[in-house]
Structure formats: C-alpha cells, structure tokens
Amino acid sequence: MLSLIVVGRIAYPKNGVRLLRALKLFNERNGYVPRLSWAGRDDSGQKDKLMKEQMIDFLSSNPDINEQFQFLGEVSDINTLYQNSDGLILVSLYEGLPNVICEAMLNKCPIIASHISDNSKLLGESEDQGFLCDPLSPESICLAIERRASISADALNIMTEKARRFAEDNFSLSVMIDKYEQVIKNINR
C-alpha cells in the first residue's frame, strides 16, 4: 500500500482539506486509501486552526481515510521519514522555495507537489523529477497520486535518481554560497 508524507506546519496554505478530498476520490476510484502521515507543528492563526478543525471533521465523517491518516507532530529525524515513505506530498496553495522538496530530492523520495512558484523548476515542467498538480483541484491532486501509485519501479528509480543529482548539483552549501556571492557582486556593480 502507498505510504505518503506531508512535511510542514499544519497551516491554511498547506491545503489539508483538499488533500483529504483527493484521498477520498482516490479511494472511490482505486478501492484503497494511501497511508498519509503529516509531520509538523500546529500553526496558531485563525485560518490555520479552522483548517485543522475542518480536517478533523472530514476525518470523522470518513472512517476509511481516518484509519490511514495521522498527525505526527514535530519529528526530529526527518530523513528517516523521507526514506521510509513512498512519497512526499506538498499541495500548498503558495510557497517560496520549499526546502522539503529539496530534502526529499536528496533522500530519493518521490515528490507530488503543487504546480506553483518554483516547484516546476525543481520537478521539471515535463515532471521528470516529480509529479505536479493543481492545488485547487482535488481531482488533479488525486491524478498525481494515481500517477505516483502506478509508475514502474524502474521509471521511479530513474526519476528519483535524476532528482537527487539535480539537488546535489544545485543545493549544496558550496553552490548556494557561490550563487549568493554572485548576487552580491552584481549588486555592487
């Protein structure tokens, strides 16, 4: 059975209710619910609390999904979580450059992410390093989960290896320092 993780604070922009609706649709179409664990702290804003309440209400009304879902709270060994899951799912409504995608790439953890901000630059417009979806559409999120569930082991290995190489080539400390130095030099011209 597919086991997915969300890594991030439990907050409105993380789009938890649409993710749960996508899982319900996935169950209706595929006859099972992927295991989903959410690692991260609760945010304290009003919209954030409301989203979590809506998620809990949804889970209460959908026992099949509730049985496969868990809030983990903060996790100290995130790399083990990436390595022991079948994929990271990040269906945020907005992000900057998501560190969790970079971490997942380095851990060869397959990625499902919103087609927002720089996610397509990280995963490739042709989705050769991960799967993209429309965060406003439970149908699109469900389709991305289905693509992850149905990809062959060989194709998945090629995808995650390419993603890891991309991360190593672009996100190492030395590369990041060089890029920041270039920005600073260009500012001082």
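## A residue pair on helix 8

Let's start with R165, which is partly exposed because its relative accessible area is 43%; that label lies between buried (under 20%) and exposed (over 50%), with a 1.4 Å probe and protein chains only. This is a predicted model, in which local features need pLDDT of at least 70 and side-chain atom pairs count only at pLDDT 80 or more, while totals for chains, interfaces and linings use all residues. Residues are numbered from 1 along each chain as its sequence is written, and side-chain values use heavy atoms, leaving out hydrogens and water.

R165 forms a salt bridge with E161, their closest N and O atoms being 4.0 Å apart. A salt bridge here is a side-chain nitrogen of Lys or Arg within 4 Å of a carboxyl oxygen of Asp or Glu. Both residues belong to helix 8, four residues apart, or about one turn. An α-helix has 3.6 residues a turn, so residues three or four places apart point the same way. E161 is also partly exposed, at 28% relative accessible area.

How many salt bridges does the structure hold? There are twelve. One of them joins the side chains of E95 and K14, at 2.6 Å from N to O. This pair links distant parts of the chain, 81 residues apart: E95 is in the loop between strand 4 and helix 5 (99-106), and K14 is in the loop between strand 1 and helix 1. K14 counts as buried because its relative accessible area is 12%.

R41 and D43 make another salt bridge, with closest N and O atoms 2.3 Å apart. R41 is partly exposed at 41% relative accessibility, whereas D43 is buried at 14%.

Helices (H or I, at least four residues) and strands (E, at least two) are DSSP runs, numbered from the N terminus.

Which residues of helix 7 are buried? They are S140, I141, C142, A144, I145, E146 and R148. What covers them includes strand 1 (3-7), strand 4 (87-90) and helix 8 (153-171), with contact meaning heavy atoms within 4.5 Å.

## Parallel strands

Strands 5 and 6 pair in the parallel sense over three bridges; pairing requires that DSSP finds at least two bridges between two strands. S114 stands opposite C133 in strand 6. Strand 4 and strand 5 also run parallel, joined by three bridges, and I89 has I112 of strand 5 as its bridge partner.
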